[in-house]
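Welcome! Please take a look at the sequence and the 3D structure below before reading on.

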Amino acid sequence: MRIKLLTAAILSVIFSVSCNNGNETANANENQLEGLLKIKNEAGLKEKFGNDHISYDTIWGAEGSFTMGTYIDQGTDDEVEIYWEDSLNRSGIASASVHAQWQENGDYKYNSKWISASGVKLGMTTDELEKLNGKPFTFSGFGWDYGGGIMSWNDGKLEKFGIGVTLTDGMDDKVSDEELNEILGDQEVSSDNAVVKKTQPRVNAISVY
């Protein structure tokens, strides 16, 4: 009898662990940005997330540019910006983007539940991103509207994914003016640059398309 009870207890633990792992995997897949690209139109977004979670509003871009698009959970940590191929009929998702939320104290929050199927997530450091890519990548120098945007994955592992990434500067008072000049302005910067290694910029925007 004792052996039977022990066997039943072990099977119960295995079943519980299996279920928990299955739920975690399901949640991870559910939160992948790429999954949104399969939704046909705004009506599909409302059906999936509910009317209260969907809004149509201005999406602002670099240098004061803007367009109209659809938001999921606008104004929250889980906000997603949806750009349409056909904006008039709000159909065909061209891209879906998430951004780190700016706080009043001047720091970013990286609390979004959304991740990329590639493994890229908000708050990831350049070293972590480089590890995912399998080699150094390049990005645009900081300090202007297009600063921090990934320019090339240099044929790394992330090259095969339709993903755009923007970094925040990660600078602090320990960086000299001379060092800053290496990573500021309209220039191409490598992730293996010594100043980048020192400051560890973080991912603050992800787009999939």
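Here is a short tour, from the whole chain to one residue and its surroundings.

This is a predicted model, where local features need pLDDT of at least 70, side-chain atom pairs count only at pLDDT 80 or more, and totals for chains, interfaces and linings use all residues. Residues are numbered from 1 along each chain as its sequence is written, and side-chain values use heavy atoms, with hydrogens and water left out.

**The whole chain**

- The protein chain has 5 helices and 11 strands; helices (H or I, at least four residues) and strands (E, at least two) are DSSP runs, numbered from the N terminus.
- Of its 209 residues, 35% count as buried, where buried means under 20% relative accessible area, exposed over 50%, and partly exposed in between (1.4 Å probe, protein chains only).
- Among contacts (heavy atoms within 4.5 Å) between residues at least 6 apart in sequence, 53% join residues at least 24 apart.

- Thr70 sits in strand 2, which spans residues 66–72.
- With a relative accessible area of 0%, Thr70 is buried.
- The side chains of Thr70 and Glu42 are joined by a polar contact of 2.7 Å; such a contact is a pair of N or O atoms within 3.5 Å, where within protein one must be able to donate a hydrogen and the other to accept it, and residues adjacent in sequence count only if both atoms are side-chain atoms.
- Beyond its neighbours within four places in sequence, Thr70 is in contact with residues including Leu45, Ile82 and Arg90.

**Helix 2**

- In helix 2 (residues 42–49), the buried residues are Glu42, Gly44, Leu45 and Phe49.
- They cover an arc of only 155 degrees around the axis, so they lie on the same side of helix 2; the arc is that of the directions from the helix axis to the C-beta atoms.
- Exposed Ala43 and Glu47 are on the face of helix 2 turned away from its buried side.
- Strand 1 (54–60), strand 2 and strand 3 (80–86) are among what covers the buried residues of helix 2.
- At the N-terminal end, Asn41 caps helix 2, with a side-chain oxygen 3.3 Å from the backbone nitrogen of Ala43.

**Strand pairing**

- Strand 3 and strand 4 (residues 91–99) run antiparallel and are joined by 5 bridges; two strands pair if DSSP finds at least two bridges between them.
- Ile82 has Ala96 in strand 4 as its bridge partner.
- Strand 4 is also joined to strand 11 (residues 202–208) by 4 bridges, again antiparallel, and Ser97 stands opposite Ser207 in strand 11.
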